[in-house]
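Subject: Handover of a structure, with findings

Dear colleague,

Please find the structure below, together with its sequence.

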Amino acid sequence: MKFTTPLLALLIAAAGAGPGRAEVDVAAASTDGVRHFNAEDIPTYVINEDGAVDWPTFSGFRRYHAECHVCHGPDGEGSTYAPALKNSAIKMDYYDFVGIVASGKQEVSSASNQVMPAFATNPNVMCYLDDIYTYLRARGTEAIPRGRPAKRMDKSDEYAAAEKACMEGS
Amino acid sequence: MKRSMLGLLAALLVSTAAPALANDSVKALQADSKQWAQQLGNYAGQRYSELNAINKDNVGKMQVAWTFSTGVLRGHEGSPLVIGGIMYVHTPFPNMVYALNLADEGKIMWRYVPEQNADVIGVMCCDTVYRGLAYADDTIYLHQADTKLVALDAKTGAEKWSVVNGDPSKGETNTATVTIVNDKVLVGISGGEYGVRGHLTAYNTKDGSLAWRAYSTGPDAEMLVDPENTMVLGKPIGKDSSLNSWEGDQWQIGGGTTWGWSTYDADLNLIYYGTGNPSTWNPSQRPGDNKWSMTIMARDADTGMAKWFYQKTPHDEWDFDGVNENILADIEIDGQMRKVLVNFDRNGFGYTLDRVTGELLVAEKFDPQVNWATHVEMDKTSDQYGRPQVVAEYSTAQNGEDTNTTGICPAALGSKDQQPAAFSPKTNLFYVPTNHVCMDYEPFRVSYAAGQPYVGATLSMFPAPNSHGGMGNFIAWDAAKGEIKWSLPEQFSVWSGALATAGDIVFYGTLEGYLKAVDSETGKELYKFKTPSGIIGNVFTYENAGKQYVGVLSGIGGWAGIGLAAGLTNPNDGLGAVGGYAALSDYTALGGQLTVFKLPE
């Protein structure tokens, strides 16, 4: 299996084939106790030696399948009309991703009736947006297979406090 | 005929206009099988045609007569109407209407293009489908995605009047057709995933003014319920039946939307329809029976007053919306002819009720894989009478929030969704397009925000285990006995409405795009043809210039197009099986097209 690693890197690079984007940086460089971040402070997933995903990424799996799935299909795979978000989360800049979720997106013409609503006022989406993002990044890099992650780490106290503050918050 | 005399008298009292009622024109049309004047074929919802020129001996030679592109992608549900040599074709959002002149090779006589704010697309759960137009008295009724109801002159397409039924900024949208009964247009509403409070609303055909509105939940007066005279399984419903079944004022965002089909019995002057799931999908957040979500409702067509209710799935824990069509038929049960209503619910039970009284006669599983309940209690002396007996292992409420309940059959899309079944009075069988899909379901806590999704559960779906591996069946059902007569396995869910004809054949479409014809006695396949896109539309038939035609809309989409596009995986199968199931995207792509068939010259 010695070709696996370079082949995978090549595929990921191709998936994120924007100019100047050599590969996807999903390596965890820091944590604030709630979740992990890469070297550029973009949220990322971690998978431990037992194959368990971090709690926020698992939470992202659940929230994706409650909030996004009814248009974008199961497992970030896309539907007949809505794009596969596992690819969007790789191709798209994090801040653009957040902006589209918050503000929505419309492509309406004689040929297209694509409308994504704005979720900025929806706590069930906005409080879990980074969770959904890292879940989709994990799907997009094939770090986790389709379906429910088989193993997960526990929810940290910091995560629970941040979640409570966001859902009940100011 | 006392009742119809009274109806006539009432009509005369409220109106000085001529006593001819709008549905007189509909009744005349449904008696003429050359026309296809209602989405469900007739008021009884039977989707049956007396036309028999195309029959089981010659259907194998059927070929394409002509085609028509709708100019719209996305999911195409419902069917065109054919009235007096004109075919009326609808589309998904933006809900265009075409009138095609069948005497002039389908030339477009007029078209109507509504102006709608595209924001509504974003709040439509599960694609921008629309289940078609309705007709009465030279008027076409269009009910747009944004809940605007428009009356159009059937000859010219000119707008007669319009009225707005809901508010898309709160998640209120429309996907359903309307039903015209007497001098009223009956209109439902969608948005159960947005906490919308469901209702059925009647507008006067004359000018679109509001006649009455009956909510699915809330105070008796707003539900048009009479505590003493509205019946539930033979007993008066009692005071505050809905309010008592919710915690606090949760009924206000409690769902029970009305996006399915309505049927009508003119002799009884009763309309029948169903209500959808309670909101949210997290059952722990809404204790109680959540009445009257998940309910078959029988109401007086003129006043809206409830005659009887039957709640199929009290305190839903699986999103088994109760909106599927209630087909009216007169069949023999235990040696007695009965006026029945037959309903194939999302929850997997096929119900036969006395449609006069609401008495429950039969409740049996129409897919043997259904496992969330052992049975529906039929013992009238039991305090559980009429209730499904839930299996603890598959109860997402008993297992609780944040617990993944696995292996529930059927999945949330139900053993059958909106795709209407057919009934043949020749065979006395019901022909039912079904889903054969199971799920894992994990509820969790959500907050309500107006106009935003209010779901509160995550789910994974997979083909029914230990079966044929496919995700659908097309079955023939004996509603007197509650038994499957035959069952045809299908690779994908069957999401197309069936049509039965006096030619001893039954038609249906498949998600790959096949139109199929099978023998109505045996289920033997007699014909298939692959249309340009997957079929979630309903098959219809008509006669023009002495020839019988059969048609269907293609255009993949809807809930099926979302869930099955990439194929399903079974998380319980282990890693090796991932990708082992068929993906719809390997078979078909978007496209909106009508295909019309005939026999060769």
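This is a predicted model: local features need pLDDT of at least 70, side-chain atom pairs count only at pLDDT 80 or more; totals for chains, interfaces and linings use all residues.

Residues are numbered from 1 along each chain as its sequence is written, and chains are lettered from A and ligands numbered from 1 in the order in which they are written.

Chain B as a whole

Chain B holds six helices and 40 strands. Its radius of gyration (taken over C-alpha atoms) is 22 Å, close to the 25 Å that the globule rule (2.2 Å times the number of residues to the power 0.38) gives for 601 residues, so chain B is as compact as a globular protein of that length. The C-alpha trace of chain B spans about 65 × 60 × 55 Å along its principal axes. Of the 601 residues in chain B, 60% are buried. A residue is buried if 20 or more other C-beta atoms lie within 10 Å of its own, exposed if 12 or fewer, and partly exposed in between, with C-beta atoms placed from the backbone.

Where the chains meet

Contact here means that the C-beta atoms of two residues, placed from the backbone, lie within 7 Å. By this rule, 30 residues of chain A are in contact with 39 residues of chain B. On the chain A side, helix H2 (55-72), strand S4 (105-108), strand S5 (113-116) and helix H5 (123-126) each supply at least two residues. The largest share, six residues, comes from H2(A). The residues of this side divide into 13 nonpolar, twelve polar and five charged. In this grouping, Ala, Val, Leu, Ile, Met, Phe, Trp, Tyr, Cys and Pro count as nonpolar, Asp, Glu, Lys and Arg as charged, and the others, Gly among them, as polar.

The annotated binding site

For "binding site", UniProt lists B:Glu193, B:Asn277 and B:Asp319 in an unreviewed entry. They span 127 residues in sequence, yet no two of their C-alpha atoms are more than 9.8 Å apart, so they gather at one spot. B:Glu193 lies in the loop between S12 and S13 of chain B, and it counts as buried, with 26 C-beta neighbours inside 10 Å. Leaving aside neighbours within four places in sequence, B:Glu193 is in contact with residues including A:Val70, B:Cys125 and B:Tyr454. B:Asn277 is found in the loop between strand S18 (270-274) and strand S19 (295-300) of chain B. B:Asn277 is buried, with 27 other C-beta atoms within 10 Å. Among the residues that B:Asn277 touches, not counting those up to four places away in sequence, is B:Asp319.

The strands around S13

Strand S13 (residues 199-204) of chain B has five of its six residues buried, so it is largely enclosed by the rest of the structure. Two strands pair if DSSP finds at least two bridges between them. Strand S12 (residues 184-187) of chain B runs antiparallel to S13(B), joined by four bridges, and B:Val187 stands opposite B:Thr201. Five bridges join S13(B) to strand S14 (residues 210-215) of chain B, again antiparallel, with B:Ala214 as the bridge partner of B:Leu200. The hairpin of S13(B) and S14(B) has five residues between the strands, and in it B:Gly208 takes a positive phi near 80 degrees.

An open sheet

Five strands of chain B form an open sheet of mixed pairing, in the order S1-S34-S35-S36-S37. Its edge strands, S1 (48-49) and S37 (525-530), each pair on one side only.

Yours sincerely

Methods. UniProt positions are given in the numbering used here, feature names are shortened, and annotations may be inferred rather than shown by experiment.
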